Amino acid sequence: MPLHEQIIPYLETAGLYHLARLNSQWFWIDEPLLSAFVERWRPETHTFHMPFGECTITLQDVAYQLGLPIDGEAVSGCLTDFENLMENGRPAWEWFRELFSELPPPNKVKQMTVHFTWFHERFRVPPANASEEIVRIYARAYIMMLLSSQLFADKNANQVHLRWLPYLASMEDLGRYSWGSAALAWLYRCLCHGTNRNVVNLAGPLQLLQSWIFWRFPSLRPSGFDVFEFLLASRYGLLFCVDNIFNLMCCHS
């Protein structure tokens, strides 16, 4: 989704602005490279087993690569307590209507998820001269897509889960959370799950993993990315995409 100036203040408050900048550059994922590292992941130690020893992604890497906050309150309860919240508190879809002023059509809903296309079509561009409340709604939609598609993506990559509603209900409090710690924990979980031979799809914050690989293993890094730039992953975004498109054009010519 495009990054509009009106919603940037909300992203800065939430500590997600740097990630949103990366999102706007089209980060090209090298799946064979990531798969090779997944094969070297050891769930017992949460490390990559390399010929020279073991190494792993740390919180410092998360802060440098994605610019996410690594201090603050834990992002917890959205998975284990959400069902209780729906049963004992406000109904989830009623809460959704309050936060987004409408409900998605039935064909865009599956259990407790909403299809990406509805968010993309409905909240892609804020209307001209939008009120502050309308801008907040568009900011919520952007953040919900950002969390679901980048930081906490799973194999069901085309759905947005309602588990993020408790966080979006108070936009001013989003900056209190350690999004970096949660993203690293989710990446560890996805890597452990990916070592199962029956798993064929990669999930998790793959931009973090790939940017870390390029930073820690310079021989695997694409050419032309030797200049330091924060956030580190931004160096491998648009230019990496252009380089791949150029190579594809050469192959087909």
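This is a predicted model: local features need pLDDT of at least 70, side-chain atom pairs count only at pLDDT 80 or more; totals for chains, interfaces and linings use all residues.
1. On the α4 side, the contact uses Gln60, Asp61, Val62, Gln65 and Leu66. Leu208, Ser211, Trp212, Trp215 and Arg216 contribute from α11. The residues of this contact divide into 5 nonpolar, 3 polar and 2 charged.

2. Helix α6. Within α6 (residues 92–100), Ala92, Trp95, Phe96, Leu99 and Phe100 are buried. Down the axis of α6, the buried residues fall within an arc of 115°, so they line one face of the helix. An α-helix has 3.6 residues a turn, so residues three or four places apart point the same way. Ser101 follows α6 and has a positive phi, near 70°.

3. Salt bridge beyond α6. The structure holds 7 salt bridges. One pairs Arg122 with Glu102, with the closest N and O atoms 2.5 Å apart. This pair links distant parts of the chain: Arg122 sits in helix α7 (residues 116–122), and Glu102 in the loop between α6 and β4 (109–110), 20 residues apart. Arg122 is partly exposed at 34% relative accessibility. Glu102 is partly exposed too, at 22%.

4. Salt-bridge network. Glu133, Arg136, Arg140 and Glu172 are linked in a network of salt bridges. Within the Glu133 to Arg140 bridge, the closest N and O atoms are 3.8 Å apart. Glu133 is partly exposed, at 41% relative accessible area, whereas Arg140 is buried, at 5%.

5. Another pair. Asp173 and Arg176 meet in a salt bridge through their side chains, at 3.7 Å from N to O. Asp173 is partly exposed at 29% relative accessible area. Arg176 counts as partly exposed at 35%.

Technical notes. Residues are numbered from 1 along each chain as its sequence is written. Side-chain values use heavy atoms; hydrogens and water are left out. Buried means under 20% relative accessible area, exposed over 50%, partly exposed in between (1.4 Å probe, protein chains only). Helices (H or I, at least four residues) and strands (E, at least two) are DSSP runs, numbered from the N terminus. The arc is that of the directions from the helix axis to the C-beta atoms. Contact means heavy atoms within 4.5 Å. Ala, Val, Leu, Ile, Met, Phe, Trp, Tyr, Cys and Pro count as nonpolar, Asp, Glu, Lys and Arg as charged, and the others, Gly among them, as polar. A salt bridge is a side-chain nitrogen of Lys or Arg within 4 Å of a carboxyl oxygen of Asp or Glu.
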